[in-house]
Amino acid sequence: MTDEYNALIDNKTWELVPRPSGINVIRSMWIFPHKENSDGSFARHKARLVSDGKTQQVGIDCGETFSPVVKPATIRTVLSLALSKTWPIHQLDVKNAFLHGDLKETVYMHQPLGFRDPNRPHHVCLLKKSLYGLKRSPRAWYTRFVDFVSTIGFTHSRSDNSVFIYRRGSSLAYILLYVDDIILTASSDALRQSIMAMLSSEFAMKDLGPLSYFLGIAVKRHSDGLFLSQRKYAAEIIERAGMSSCKSTSTPVDAKPKLSAAAGAPYEDPTRYRSLAGGLQYLTFTRPNITYAVQQVCLFMHYPRVEHMNAIKCIIRYIQGTLDYGLHLYPSSTSTLVSYTYADWGGCPDTRRSTSRYCMFLGNNLVSWSTKRQATLSRSSAEAEYRGVANVVSELCWLRNLLLELHCPIQKATLVYCDNVSAIYLSGNPVQHQRTKHIEIDIHFVREKVVRGQVRVCHVPSRYQVADIFTKGLPSVLFEDFRDSLSVRRPPAMSGGC
């Protein structure tokens, strides 16, 4: 606590002033987290002083609070690029990152418990710098970071505002920012050290070495590439569900009709249901094979029933049997993008809306995937599939733009594999008739990309439609085959960080 308090004083975080009348003074609180290693073992104790920002009102006590964070697909894409180019990948730690943000609002806070000034016990802290707990702290830190890196030659990506790109001649470097977690990769170790020195001159920043643990994800280097795992996080979900000794299953969802909002009796603890479903959502970062099952249970968070909770238990039993599995990234070509898309026509038993699914590969590496219910009804399977094609083409345009900004442009047309012949025909032929008028915008959008040579929509037999794993429950043999195609496998022999 003393170390934390002294760091705040040295940073000139506040000044003591008499308490003005009629103003909102927020609480200060101490929290005492335990820092853990990637394997869950204890690392060290930590004390942190935070402000009780929940009493702040946006527009009165503070301004805009939104702060962008790097997208999961961007992280996987940059890791894939760095791995393919054999660049070093390091993670950085900023000590008290939020304290570097400049505070523009007038905020008063009570003096920290145990550290009241004996000569001015009734004074309050007029904050000069941002503090953990304030609603605007993440945005203030992000703004400060952006302002500084722009002075040392970085530009931020328009496709993802939390990606910063440095280029001088043949030298190239990327910074990924997720609040105060930072990944730095560069074309040479000398450039990485130079950038690290410039960052350290402005912020209390430490190089933690090769990337090993980021956002709760363990990153391990092996002889063939990288292995991303959330084993510790998955074990915590199993323990939270009280299923540590449960039997495992071979698939996360049964090959039976989909869940209905009216199935069974209401579940007695909706908060527990939402907590587990939300936890499973984050687990899909490295486990795309459970995306469909998780999407199904997340549809009923507003009013869960017993049948829905049983579906969550089925997912957890599957995770119990595949606890060591994770996503592999390999060195591969970064000049090709390939995607698979599929839609189940009228699959929702309650609304009869279709659900679009896709997965996208940069070279051999899976970098983006999605399972999302369509916003409107489709009157035919071709219409449902074509909406799915439009969704994946939209994501492809974003990813192609991102790669262009990263100075790794895709020169070839991106292949979009679909198993619906009618949807493929619509994408390449200027035919309009009564059945397609209402999806004319989607048709023109996709066709424009096809004409420009950016996209080619091709047919794939259903047996090889990888996106099928995001669509429905599958027999275990087919499920395991598609899971392997997504590079979700057991960990190989490891050799440390990146």
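Helix α7 is largely enclosed by the rest of the structure, because 8 of its 8 residues are buried. Buried means under 20% relative accessible area, exposed means over 50%, and partly exposed falls in between (1.4 Å probe, protein chains only). The model is predicted: local features need pLDDT of at least 70, side-chain atom pairs count only at pLDDT 80 or more, and totals for chains, interfaces and linings use all residues. Residues are numbered from 1 along each chain as its sequence is written, and side-chain values use heavy atoms, with hydrogens and water left out.

**Helix α7**
- Helices (H or I, at least four residues) and strands (E, at least two) are DSSP runs, numbered from the N terminus.
- The buried residues of α7 are Thr291, Tyr292, Ala293, Val294, Gln295, Gln296, Val297 and Cys298.
- They pack against α6 (270–283), α8, β20 (355–362) and β21 (365–373).
- Cys298 counts as buried at 18% relative accessibility.

- Arg305 sits in the loop between α7 (291–298) and α8 (306–321).
- Its relative accessible area is 14%, so Arg305 is buried.
- Its side chain has a polar atom 2.8 Å from the backbone oxygen of Ala261.
- The backbone oxygen of Gly264 is 2.6 Å from a polar atom of the Arg305 side chain.
- A polar contact is a pair of N or O atoms within 3.5 Å; within protein, one must be able to donate a hydrogen and the other to accept it, and residues adjacent in sequence count only if both atoms are side-chain atoms.
- Beyond its neighbours within four places in sequence, Arg305 is in contact (heavy atoms within 4.5 Å) with Ala261, Ala262, Ala263, Gly264, Ala265, Pro266 and Tyr267.

**Gln465**
- Gln465 lies in the loop between β23 (455–459) and α12 (476–485).
- At 1% relative accessibility, Gln465 is buried.
- A polar atom of its side chain lies 2.9 Å from the backbone oxygen of Thr341.
- Not counting residues up to four places away in sequence, Gln465 touches Tyr340, Thr341, Tyr342, Tyr417, Cys418, Asp419, Val460 and Phe482.

**Nonpolar cores**
- A nonpolar core is a set of buried Ala, Val, Leu, Ile, Met, Phe, Trp, Tyr and Cys residues joined through side-chain atoms within 4.5 Å.
- The largest has 98 residues, and Ile312, Ile319, Cys359 and Leu486 have the most contacts inside it.
- Helix α9 (residues 381–405) gives the largest share of this core, 11 residues.
- Another core, of 44 residues, lies apart from it; among its members are Trp14, Ala47, Val50 and Phe203.
- Leu486 is in contact with residues including Pro288, Leu327, Cys359 and Phe361, leaving aside neighbours within four places in sequence.

**Cysteines**
- The disulfide count is 0 (a disulfide is a pair of cysteine sulfur atoms within 2.5 Å).
- Cys314 is in no disulfide; its nearest cysteine sulfur, that of Cys246, is 10 Å away.
- Cys314 is buried, with a relative accessible area of 9%.

**Cavities**
- On a 1 Å grid over the protein atoms alone, a cavity is a set of points where a 1.4 Å probe fits but cannot get out; lining residues have an atom within 4 Å of a point.
- Grid points are joined across faces, edges and corners, and a volume is the space filled by probe spheres set on the points.
- The whole structure has 3 cavities of 30 Å³ or more.
- The largest cavity holds about 50 Å³ of space.
- Its lining is Ile75, Leu79, Ile183, Leu211, Phe214, Ile217, Val219, Leu228 and Phe285.
- α2 (72–84) and β16 (217–222) each supply at least two residues of that lining.

Methods: On a 1 Å grid over the protein atoms alone, a cavity is a set of points where a 1.4 Å probe fits but cannot get out, and a pocket is an open set with protein on both sides within 12 Å along at least five of seven lines; lining residues have an atom within 4 Å of a point.
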